[in-house]
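Reader: Please take me through the labels used for this model. I want each one set against its cut-off.

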Amino acid sequence: MITAQFDYQAPATLEEAVSLLAGDPDGAKVLAGGHSLIPAMKLRLAQPQLLVDIARIKALAYIREEGDQILIGATTTHYQLESSDLLKNICPLLPACAASIGDVQVRNKGTIGGSLAHSDPAGDWPAAALALGAELVLKGPNGERTVKADSFFIDLLTTDLQSGEILREIRIKKPSGRFRQAYQKVPHPASGFAVVGVAVHLAFNADGSCNSAGIGVTGVATKAFRAQGVESALVGASLDEQTIAAAAAKVCDGINPTTDLYASADYRRHLAQVHTRRAIQAALASAK
Ligand SMILES: Cc1cc2nc3c(=O)[nH]c(=O)nc-3n(C[C@H](O)[C@H](O)[C@H](O)COP(=O)(O)OP(=O)(O)OC[C@H]3O[C@@H](n4cnc5c(N)ncnc54)[C@H](O)[C@@H]3O)c2cc1C
């Protein structure tokens, strides 16, 4: 359980970090909270020659409103998101998701950017990012680009991040009008990772019918996904029990749930349906 040898750099700015990565495109890796990377290095699943520690770049940790957007710096920790009064007020799904992650130590060190970049199939943030239609700002040696969460998660531990790129900011459109949100999770009893996690964002028309729905699901397959069948079944409808149950039954449409030591594909499919229904009900019952 000892890592291979590596060099370590703690740049003071994002630009310096990008240039350090560019100097060693095959051997260098970004270090943020280290709560996924260091365990992988101890198991020798990852053997970077250089760690570029971005957690010490103060300008990368923030939560703020700008125009109609919520901006979150990549090294903002799970705990900072969990305890943000601003987010509790304007986008409660984010603190709810953060509060469900691991334990206090993990939440104190782990970062939202690290979690999204790692794309663990059981990670919680990808579900929330998908449900909220987040955009991710990536900075690399050739400049900056913005990608939608929808196209960012490609497969198991694989994202659209290209060699040398750093995820620097998460942008979320500020929810407006009448909306409700919730995060429901079946945690693995040892790690807290999601066996199934469902993030829900619902917006409503003046007559109470559903105007738009974002349903992000994690833990079920090799990557987090948007349950578009559920979303389509909710939009335009009045959300009574029957409609919610029929919509939730579509959560695994087009998805091959994973089987592992803890849960079979059939059990995951069942949990996903039950917890999608419960997450929608919890959103409807929430104060905001
Ligand atoms: C005991 C334990 C329990 C946990 N339970 C949960 C849980 O319940 N739910 C959950 O979601 N997670 C859980 N985690 C994982 C935790 O949330 C991690 O913090 C998170 O997955 C990775 O974030 P990090 O900042 O630690 O990233 P790191 O471990 O530092 O990095 C992870 C990967 O992302 C890359 N990276 C990091 N930041 C960036 C960036 N800004 N741009 C580009 N690449 C980047 C790194 O190079 C590395 O490949 C748990 C971890 C542990 C150890």
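Author: Some labels and their grounds follow.
This is a predicted model, where local features need pLDDT of at least 70, side-chain atom pairs count only at pLDDT 80 or more, and totals for chains, interfaces and linings use all residues. Residues are numbered from 1 along each chain as its sequence is written, and side-chain values use heavy atoms, with hydrogens and water left out.

Reader: Why is Met-1 called exposed?

Author: Buried means under 20% relative accessible area, exposed over 50%, partly exposed in between (1.4 Å probe, protein chains only). Met-1 has 72% relative accessibility, so Met-1 counts as exposed. Met-1 sits in the segment before β1 (7-9).

Reader: What makes Arg-44 partly exposed?

Author: Its relative accessibility is 42%, so Arg-44 counts as partly exposed. Arg-44 lies in the loop between α2 (37-42) and β3 (50-53). Its phi is positive, about 60°, although Arg-44 is not a glycine.

Reader: Is Ser-119 buried or exposed, and how do you know?

Author: Buried: the relative accessible area of Ser-119 is 2%. Its loop runs between α7 (112-118) and α8 (125-131). Phi of Ser-119 is also positive, near 50°. Most residues other than glycine have a negative phi.

Reader: Why is α11 called oblique to α12?

Author: The axes of α11 (residues 241-248) and α12 (residues 265-285) come within 8 Å and cross at roughly 140°. That angle makes α11 oblique to α12. Angles under 35 degrees count as roughly parallel, over 145 as roughly antiparallel, 65 to 115 as roughly perpendicular and the rest as oblique.

Methods:
Helices (H or I, at least four residues) and strands (E, at least two) are DSSP runs, numbered from the N terminus. Axes are lines fitted to C-alpha atoms, for helices over the stretch in contact, and angles run from 0 to 180 degrees between N-to-C directions.
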